[in-house]
Amino acid sequence: MSTQLGTTSPHGELFRRNPANPILTASDWPYQINTVFNPGATSHDGETVLLCRVEDRRGLSHLTVARSPDGVHGWRVEPKPLLADDPADHTSMWGVEDCRITYVAELSAYVISYTAYGPSGPCVALATTEDFQSVEKLGVVMPPEDKNASLLPRRVNGEFCLYHRPYAGHDGRADVWMSRSQDLRTWSSPEPVMTSREGAWWDAARMGLGPAPIETEHGWLGVYHGVKQMAAGPLYRAGLVLFDLDNPAKVIRRSPQWILGPATDYETHGDVPNVVFPTGMIHDEETGDLRLYYGAADSCIAMATASMSEVMDYLLQYG
């Protein structure tokens, strides 16, 4: 059955916001913070785990674990960060931000891709964990300026594949590229994957891949953020993309419309208004639902849901 965007939510979008939104705010934290947003998401020991970007009262960000039995309610927030700024490290002395989480069965571990921030600019770093209690840092893998890194859960043609978003200062381009690696430490030169559309499109200004793509029979299903520059400032929305299973640098489907954009008060008002920024997604195979976790207005965390069948029916319409 094909899903029409106008019939799926009160805001005419494919993903439906959870009635409990926002599901996490600064008031849920066991220590004083400014805001919480842009979480990586996964499942561990039968619970939903979010690794949340937390901005402290200095203005620096760190990553803290929150756990829930159902992914919506009953959150337990750790009393200290899992990953934080390191004054002795030039690459992360100004904080760590916007992680994505990928469970890699080959490693029996979760790989955390995140943005480390220092005087040279944002760069991509990796770390691994088995339990979200401790981490092993693999270090910086993409030099500044680069961010929005997302790792596929298995090797393709013998190599790990990492999407990321280098910034080309000479022309202001900020598109999605991919690099490949045998060991998660040494990476190939990036190859182009997906570019911002030109003109008045909703994703014309810049873009970046969100959560780690999910493997389906039709391809790797991904969610990305796109930005349109408006007179009042940038407007962040989310779209869908499908990458080829055997060549994940190849886009085979891409949604022409956004599937989630700022519409509620918690998305349109905050430290950075008019932002929906997806960074975590979990496929609940029992219900068939996709749970999309996102930062709203750089101030809180929200969740929206769509069925996998609805999403694939919609996306497969477009070449």
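I searched the whole structure, a predicted model, and found 15 salt bridges.

**Arg-17 and Glu-267.** I looked up this pair first. Their side chains form a salt bridge with an N to O distance of 2.9 Å. The two residues are 250 residues apart: Arg-17 belongs to strand β1 (residues 16–17), Glu-267 to helix α1 (residues 265–268). I noted that both Arg-17 and Glu-267 are buried.

**Arg-67 and Glu-78.** I then turned to this salt bridge, in which the closest N and O atoms are 2.7 Å apart. Arg-67 sits in strand β4 and Glu-78 in the loop between β5 and β6 (96–104), eleven residues apart. I checked the accessibility of each partner. Arg-67 has a relative accessible area of 8% and is therefore buried, the limit being under 20%. Glu-78, at 23%, is partly exposed.

**The sheet around β4.** I followed strand β4 into its sheet. The sheet is open, has four strands in the order β2-β3-β4-β5, and pairs them antiparallel. I recorded β2 (35–44) and β5 (76–77) as the edge strands, each pairing on one side only. Strand β4 (residues 61–68) is joined to β5 by two bridges. Across from Ala-66 I found Val-77 of β5.

**Arg-185 and Glu-136.** I looked up a further salt bridge, between these side chains, at 3.7 Å, N to O. Arg-185 is partly exposed at 47% relative accessible area, and Glu-136 is partly exposed at 45%.

Note on methods: Residues are numbered from 1 along each chain as its sequence is written. This is a predicted model: local features need pLDDT of at least 70, side-chain atom pairs count only at pLDDT 80 or more; totals for chains, interfaces and linings use all residues. Side-chain values use heavy atoms; hydrogens and water are left out. Two strands pair if DSSP finds at least two bridges between them. A salt bridge is a side-chain nitrogen of Lys or Arg within 4 Å of a carboxyl oxygen of Asp or Glu. Buried means under 20% relative accessible area, exposed over 50%, partly exposed in between (1.4 Å probe, protein chains only).
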